[in-house]
Amino acid sequence: MTEENSPIRLLIVDDEEDLATFLAHRLRKRGLDVTIALSGAEAISAATELKFHVAIVDLKLPDLDGITVMEEIKSIQPFLEILMLTGHGSHDSAWEAGRLQAFRYLLKPFAFDELYDLILAAAHHRCKKMGCEFEDRLEALMAGATSPRDLIEESEKLRREYEQE
Amino acid sequence: MNTSRNSIRTLLVGSGRELSDLLASLSTRSRFLELDLIGVVDLTTENEAEVRELAREMGILLVVSDLSDLPEDIHPQLAILTSAEASEYENLVRILPEGVPVLGPDTAGILKGMIRLVEENRALRSDSRRLKETRLRLNVFVETAPLAIYVKDTNLRYKKMNRHSLRLMGLNEESVLGKTDHALFPAGRVRWLQKVEQETLLTGKTLHATGILPVRGLEMHVQVTLFPIIENKKTEGLYGLVEDTTELFVSEQKLHEVDEQLNETQKYLREVLENSRDMIFLTDPEGNILSFNSGAEKVLGYKREDVVGLPAHSLCALPSSFAKLFEKSLLDGHATRYEAEFMNKSGQPVICNISLTKIDGPDGLPLEVVCLCRDITTRLRLKNNLIRSERLAAVGQMASGVAHEINNPLAVIDTIAGLVEETIADEGASLEPATRDILTKAMGRLHYQVKRCTSITHSLLGFVRNTSTGLVKIDLEALLDECLNVLGIEIRRSQTEIIRMFSTNLPEFTSDPMLLQQVFVNLIKNALDAIEEVPDRSGVVEITTNTDRNRISVTIQDNGVGIPKNDQEKIFDLFHTTKPAGKGTGLGLSIVHDILYRLGGNIRLISEPGLWSRFIVELPLEPPETPLPDPTSMNL
């Protein structure tokens, strides 16, 4: 299982270390290339160094608030899609602004499969915007009842094609 | 004292100053009047010394102070009474031999005596001796009566004016005799009297007249009785009896004024009482309703005629409690209670601030009790709602904070459970099948329990997550149908009959459709849950819409398990649930209440435990301009 070969590179930004760690572990098992940032600062420096397709950002972070982090990493990587995570569903203006920037938002605790589907959808969305050639493959991945093994095989195929591009 | 044989044996009865005045007056005239004064009865002996002195001078030997002290053999032919007491007159008449006239000073006595004497005078014309006697008596009467009496001839010239009238008019005899009224009174002022006098002369009848005499520059109200003097079938003149009724007139006038003022005051009071919005009724000391104002009619819905005569406590939810308060008002004069419960005509409780005041009658005994009651039901409900909302706000704020904090660990637990589950599925081949099964099942339960927690935390956060989609005109029927749609599966599964009773003439109203939908889904869901708890009953949920002036009401009634009386008050409280353990979160109705509060509406519950529940939602036509603060909003 090689994260390097995953077609989807994901950044998880959440200060809840247990959540970030185990979420990353499960997503990696499904073939995603996952990087963890436990603070806003870590998230920004990761975005400067590495290219991501999708980022999951918790709205509440110890240093910066989630909205600022979203804005910062979006300015570094404009095509990055963001999934917003929140433990709280309040509707203040900041939340509203974040919701507009984000691809989608999820309330904690979420269903893992729902999150996974959303990551795929976000990646697909990004792909479509950029005219990605693997769109069909990604769609198949999204549609298919994806067992981790299929997923890995599929993603390796995608990866190869991507590199040939 | 020289007395002729023909003199009339006369008894003087009287008291005080009047008696001594009469004696003094008779001492110079009794001979002229041919009176033989045989005795004096001094009833009060107030100025006994003077009376006795006068009597002694006049040669009257018999002076007593009680009628019963009179010797039986004195045989009076005439009695003159100065006392104005009617009872004295009666006593005197009783004690004297029959036929002895009594000349009394009070009007009734004088008139009786006068009429009798005038009639005797006419009847006994043939009997010259007795005629003379009667005339003498008449003369005596005219002279001694404490009443103004005058005699006029047919030309209405004064032939006589007795001492009382001279005193009354402030005149002396010489200036009056032979004169007419023209010479005595300002022109035209006594025409009313002359007219009646002429009529008396013409008709020969006894006539009465009332009018004003100008006396010494003042206006004297008088009542005059006129007797014709008929001699040999020819009218020779008339007697006039003048009664000064000024005092009577003035007091009558005053009485009239006071009466009018009293009427005005009473009218005013009646209007105040009658038109007051407060419930005011009067009861007798037994507590039976005597009157019932229009405020009371409005508050309780009864008509006045429905309740007058009924005991007031029959209008109360707790009759004995009212009776106790009533007793206290009779004892202390006043009694109040801040919250007393009445029942209106349709059986709904009406909470009143009640004040009872006893009113005593002139005899000092309780006459009436005034019951003043102010309907504070609405105010109390608002107050309770406010208290509840504030409590909800505090609890809600804390709860949503806690919920937020719990969501993070829940996410971790759920993620790890999923990881374990996946690992068992992928790599658990080496495990014993039984172990593998139980672990898989355990992870499933872990997911389930996380979900339970999530439903609580998400509902809690629901206070704030209920997105306000903005205010629009509401199509209530469509909105309720949409709610029924959302619950379609549950409704079909429970085989509940839904009865829609939607009013067709609701006014247009504005509200937030998303929030309203949440309210009604919650309430209908509750109705279904309540029905589910009575498995052998075929469920019916009745949804009624209606309008009352400027409010819209939606009533949702189910024939489910009902809500115990103890729970009815707390049903809208946060975390209060009547559902079986593990079923309800105790959040739904709090959220409903909260949403309605924000929309300017309210919700009420009526329930018969075991039989039915009815939730009544009321909404304004327009929500409050500045939305009420969200009691649970908090910063992220």
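In what order do the five strands of the open sheet in chain A lie? In this predicted model, the order is S2-S1-S3-S4-S5, with parallel pairing.

## The sheet of chain A

Strand S2 (33–37) and strand S5 (104–107) form the edges of the chain A sheet, each pairing on one side only. Between neighbouring strands the average turn is 20°, direction ignored.

Within this sheet, strand S1 (residues 9–13) and strand S3 (residues 54–58) of chain A are joined in the parallel sense by four bridges. A:Leu11 has A:Ala55 in S3(A) as its bridge partner.

Helix H5 (residues 112–130) of chain A lies across S1, S3, strand S4 (81–86) and S5 of that chain. Relative to S4(A), helix H5 runs at about 155°.

## A hairpin in chain B

In chain B, strand S6 (residues 148–153) pairs with strand S7 (residues 158–161) in the antiparallel sense, over three bridges. B:Tyr150 is bridged to B:Met161 in S7(B). Four residues lie between the two strands of this hairpin, and B:Leu156 takes a positive phi near 60°.

## A helix pair in chain B

Helix H18 (residues 513–532) and helix H20 (residues 588–598) of chain B have axes that come within 9 Å and cross at roughly 145°. The crossing of H18(B) with H20(B) is left-handed.

From H18(B), the contact involves B:Leu515, B:Gln518, B:Val519, B:Asn522, B:Leu523 and B:Asn526. H20(B) contributes B:Gly588, B:Ile591, B:Val592, B:Ile595 and B:Leu596. Classified by residue type, the contact between H18(B) and H20(B) comprises seven nonpolar and four polar residues, with no charged residues.

Definitions and conventions
Residues are numbered from 1 along each chain as its sequence is written. Chains are lettered from A and ligands numbered from 1 in the order in which they are written. This is a predicted model: local features need pLDDT of at least 70, side-chain atom pairs count only at pLDDT 80 or more; totals for chains, interfaces and linings use all residues. Two strands pair if DSSP finds at least two bridges between them. Axes are lines fitted to C-alpha atoms, for helices over the stretch in contact, and angles run from 0 to 180 degrees between N-to-C directions. Two residues are in contact if their C-beta atoms, placed from the backbone, lie within 7 Å. A crossing is left-handed if the near helix is turned anticlockwise from the far one by less than a right angle, and right-handed if clockwise. Ala, Val, Leu, Ile, Met, Phe, Trp, Tyr, Cys and Pro count as nonpolar, Asp, Glu, Lys and Arg as charged, and the others, Gly among them, as polar.
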